[in-house]
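Here are my notes on the model you sent over.

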Amino acid sequence: MPGYMWFILSFLALIVGYLIYGKVVEKVFGADSSLKTPAYTHTDGVDYVPMPKWRLFLIQLLNIAGVGPVFGPILGALYGPTALLWVVFGNIFAGAVHDYLSGMMSVRYHGANIPEIIRFTLGNKARGVMLLFTVLPLILAGVVFVTAPAGLLEKLCKDSFNGVLTFSVLVTLIFMYYFFATLLPIDKLIGRIYPFFGALLLVMALGLSIGLLVNNLSLKGEASKIRP
């Protein structure tokens, strides 16, 4: 089957999964759009700040499009339809459901994180156990989210800036950004930068999609040539 057909089928599967299975998940959870979110009920100008829906959409789009969701489809293109379908169905039945339920639980517990939700429902001992299981993945994820973009930027900038932007320098800059993004009010840095990069992500995705369809690239032919 041509590569563009796999792409179209995957795209349609995501839409159908959202319209049908998404409604099932929403019904099971009992979502109520009339209720106000913690951004309105606990507004403090720092962590709880109401923002326009379009801005929130682009922020959340960039939040979920981390290293894994970006590299996953790339690997799907490199290693063929089987890998790509794992990404598509994994997103429909696992990733999207996990993110939706986690976010909805947080909303119902006034914006609390998962360990705090566990404390509310299961007690402090269960929260302590959850923290132990949470710390290691957070460390691993933090390392990936720092080293992966630093390594990519180092390759992109190796012929520019007179070699100043080394891997160590880029890691330091990324850590500085994380530091300020954590301390500053949500609408001062993240609320302004994330929508811009979220829009860029949509433009890039659209461009790649058009390129795939126009050039009829296969999922395991021309794409395999970009392997390092």
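1. The protein chain has nine helices and zero strands, giving the pattern α-α-α-α-α-α-α-α-α along the sequence. Helices here are DSSP runs of H or I with at least four residues, strands are runs of E with at least two, and numbering starts at the N terminus.

2. Before going further: this is a predicted model, so local features need pLDDT of at least 70 and side-chain atom pairs count only at pLDDT 80 or more, while totals for chains, interfaces and linings use all residues. Residues are numbered from 1 along each chain as its sequence is written, and side-chain values use heavy atoms, with hydrogens and water left out.

3. On overall numbers, 21% of the 228 residues of the protein chain count as buried (under 20% relative accessible area; exposed is over 50% and partly exposed in between, with a 1.4 Å probe and protein chains only). The accessible surface of the protein chain comes to about 15800 Å², and 73% of that belongs to carbon and sulfur atoms; the areas are Shrake-Rupley values with a 1.4 Å probe. Among contacts (heavy atoms within 4.5 Å) with a separation of 6 or more, 69% join residues 24 or more positions apart.

4. Take H6 (residues 114–122) and H7 (residues 124–156): their axes come within 7 Å and cross at roughly 155 degrees. The axes are lines fitted to C-alpha atoms over the stretch in contact, and angles run from 0 to 180 degrees between N-to-C directions. H6 and H7 are therefore roughly antiparallel (angles over 145 degrees; under 35 is roughly parallel, 65 to 115 roughly perpendicular, the rest oblique). The H6/H7 crossing is right-handed, that is, the near helix is turned clockwise from the far one by less than a right angle.

5. What does H6 use to meet H7? Ile114, Pro115, Glu116, Ile118, Arg119 and Leu122 in H6 touch Asn124, Ala126, Arg127, Met130 and Leu131 in H7. By class, that contact has seven nonpolar, one polar and three charged residues. Ala, Val, Leu, Ile, Met, Phe, Trp, Tyr, Cys and Pro count as nonpolar, Asp, Glu, Lys and Arg as charged, and the others, Gly among them, as polar.

6. His110 is not a glycine, yet has a positive phi of about 60 degrees. Most residues other than glycine have a negative phi.

7. H7 also packs with H8 (residues 167–183): the axes come within 9 Å and cross at roughly 130 degrees, so this pair is oblique. H7 passes H8 in a right-handed crossing. Residues on the H7 side include Phe145, Val146 and Pro149, meeting H8 residues including Phe167, Ile174 and Tyr178. In H8, Thr172 is partly exposed at 43% relative accessibility.

8. For H3 (residues 53–64) and H9 (residues 190–215), the axes come within 8 Å and cross at roughly 70 degrees, which means the two are roughly perpendicular. Among the residues making the contact are Trp54, Phe57 and Leu61 of H3 and Tyr194, Phe197 and Leu201 of H9. The contact of H3 with H9 divides into 13 nonpolar, three polar and two charged residues.

9. Finally, is Ser10 buried or exposed? At 7% relative accessibility, Ser10 counts as buried. Ser10 lies in helix H1 (residues 3–29) and, leaving aside neighbours within four places in sequence, is in contact with Leu84, Leu85 and Val88.
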